[in-house]
Amino acid sequence: MNSTEETDVLVIGTGFGGAIAGYHLAAGGARVVMLERGPWLTSEEFDHDFKLGSSYTRIFDFVVGDGMSVLGGNCVGGGSVVYFATMPRAPGFIFERRGSIGRRMWPAAVSRAALDPWYDRVAEALPITMQSWDKVPYAGGLFAAACAHAGHTANPAPSAVDVELCTNCNWMMAGCRFDAKRSLLLNYLPAALAHGAQIRPLHEVQRLTRNDDGGYRVHYRIVDGEDYRILHDAGAIDAKIVIVAAGTGATPVILQRSEPDLGPMPHAVGRYFSGNGERLNTAVFDEDRVREVLGLSRGDGPAYAANQIGRGPTVASWDRLDGSLPEFERFSLEQLYFPPGLGTILAQVPDATGPTWFGPEKKEMLRRWQSWLTVFTMSEDDNEGVFGPPPETGNAHRFSQQMLGHGPLRYHPTENTWRGWNLADAAVKDILERDGLARVMPWTNDLVGAYTVHPLSSCRIGDDPATSALDDRHELRNHPGIFVTDGSAVPGALTVNPALTIAALAERAMPGIVAALQARGVAVSYGAPAPNGETAGRRAVAPTA
């Protein structure tokens, strides 16, 4: 491949923001090339183990920053391959948030009502359904019963999982072997391929430069398929329009690295990062109290002892999603399964007399792991994250063969963010420790700082050029023809799982991007139907040659 290769649209990344763009633009008649830095795996290749080289280490990117660590997808399909497929819509008050800037963070054109038609479109494409109580696994039922006992409500969460195909194996984060989880490998990506889009895995974009005709040249390196620290051949592709959807932790890094060639970036590129206000607590349940207080039993003796059975979050408590409450005091609580590995390392021992995340008491806690319940908080944070100078290549300095790296993100929680976390921690403790049901402790921040699986806002949309990198059409300010459609475009924390909102915003951006392409002389149209398994083909499968 040489530097003279050309296309109409170059899409960086194949997660929600990239896959949706790739499908609509290819279906509309544009030539589309999609570059993905991670590998391309099929369902048969998703492993149920944690060995180096398994799907678990190949399809994740865990980047440790200064005060914040970010866990995300690193594969064709991006975060959709490793997500838990919980897909609520953001509450209406979120779009009126003022945050630390003291005025509305979201563009005036975007509200819950304005976004609902785009939410509907994504819900049809995946599809998304409401789970029923009879399909909720043990951990979800335990959390619901504990909430009811404490006077709180709890509900099954909307989900992009076909529960008839799901085996409740709880290996969702390593990729779904059974095609039960509706990742982008089952809808938008095969639909894009069917319309002629090209997907090229193990292509890591480094920077963009401007061509004389007003288009862009996208410079990439080939990533070694076994050791991600090794980069092979370099190449470049010219495009009339570039859509950057590399993920919240990589999109601003690519744009910052492009600044010497493209000129100054908007002030908000690499600033206002949000960890979606996320926090985790681990509860260790007393099986006898579960039986005596809640009246629960699995029918074969144990009251619970089922931490490993199920599928991600299935039940959520939304009592605190109340727009009348003060900002930074609104949050949701979800029952969550976090598999061994980080989940066991970062979990702390409640009421420990010695060290809380290692030592004899931690060993005893690990012995009782089947009686754990992890509760996931999503609150409102202060958008306090800032990206420092970008590394020479990629989004992090990789220090292991796969998965692990150290990145330029700096994050030090403000008093506002801590207020939300502390209130949520207290709520979890109040619900789960009532009448001796469990002992609860937040995950440690001492080892890797705060952590998020839903990074947002590092290149956000908005009306104010001083505090937003993109206009409300997702175009990069002062750099026409560059659009950003991933989680980095979301203005702030959502208090719920963000995948559906990221996808809806990407859907909303498509008509404007089509118009921009038309203005550059590309014969492209907008109006393709929502993809589905029948019209798109069942899976997005890598070419054999």
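Which residue lies over the face of Phe328? Select Arg97: it lies at 5.5 Å from the ring centre of Phe328. A charge sits over a ring if NZ of Lys or CZ of Arg is within 6 Å of the ring centre and within 35 degrees of the ring normal. Next, select Arg460, which lies over the face of Tyr272 at 4.1 Å from the ring centre.

Some ground rules. This is a predicted model, in which local features need pLDDT of at least 70 and side-chain atom pairs count only at pLDDT 80 or more, while totals for chains, interfaces and linings use all residues. Residues are numbered from 1 along each chain as its sequence is written, and side-chain values use heavy atoms, with hydrogens and water left out.

**Stop 1: ring pairs**

Rings of Phe, Tyr and Trp (its six-membered ring) pair if their centres lie within 6.5 Å; planes under 30 degrees apart are stacked, over 60 edge-to-face, and the rest tilted. By this rule there are 14 aromatic pairs. Select Phe273 and Tyr411, an edge-to-face pair with 6.2 Å between centres and 85 degrees between planes. The pair links distant parts of the chain, 138 residues apart. Phe273 is in the loop between α7 (251–262) and β12 (278–285), and Tyr411 is in the loop between β18 (404–410) and α11 (415–432). Helices (H or I, at least four residues) and strands (E, at least two) are DSSP runs, numbered from the N terminus.

Are Phe273 and Tyr411 buried or exposed? Both are buried. Buried means under 20% relative accessible area, exposed over 50%, and partly exposed in between (1.4 Å probe, protein chains only).

Now pick Trp357 and Phe358. They form an edge-to-face pair, 5.3 Å centre to centre, with 75 degrees between the planes. Trp357 counts as partly exposed because its relative accessibility is 24%. Phe358, at 46%, also counts as partly exposed.

Then select Phe50, Tyr56, Phe60 and Trp171. Ring pairs link them into a cluster.

**Stop 2: strand β12**

Color β12. Eight of its eight residues are buried, so β12 is largely enclosed by the rest of the structure. Both faces are covered. Glu278, Leu280, Thr282 and Val284 are on one side, with Arg279, Asn281, Ala283 and Phe285 on the other.

Which strands pair with β12? One is β15 (residues 372–379), antiparallel over seven bridges. There, Val375 is the bridge partner of Asn281. Another is β19 (residues 438–442), antiparallel over five bridges. In β19, Val440 is the bridge partner of Ala283. Two strands pair if DSSP finds at least two bridges between them.

**Stop 3: the largest pocket**

On a 1 Å grid over the protein atoms alone, a pocket is an open set of points where a 1.4 Å probe fits, with protein on both sides within 12 Å along at least five of seven lines; lining residues have an atom within 4 Å of a point. The largest pocket holds about 320 Å³ of space, a volume filled by probe spheres set on the points, which are joined across faces, edges and corners. Of its 21 lining residues, select the closest to its centre: Tyr56, Gly341, Leu342, Met403 and Leu404. α9 gives the most to this lining, with three residues.

By class, the lining has 17 nonpolar, four polar and no charged residues. Ala, Val, Leu, Ile, Met, Phe, Trp, Tyr, Cys and Pro count as nonpolar, Asp, Glu, Lys and Arg as charged, and the others, Gly among them, as polar.

**Stop 4: the second largest pocket**

This one has a volume of about 190 Å³. Select Asp213, Gly215, Tyr216, Ala239 and Lys240, which lie nearest its centre among 13 lining residues. β11 (231–244) and β1 (6–12) each give two or more residues to the lining. The lining has two nonpolar, four polar and seven charged residues.
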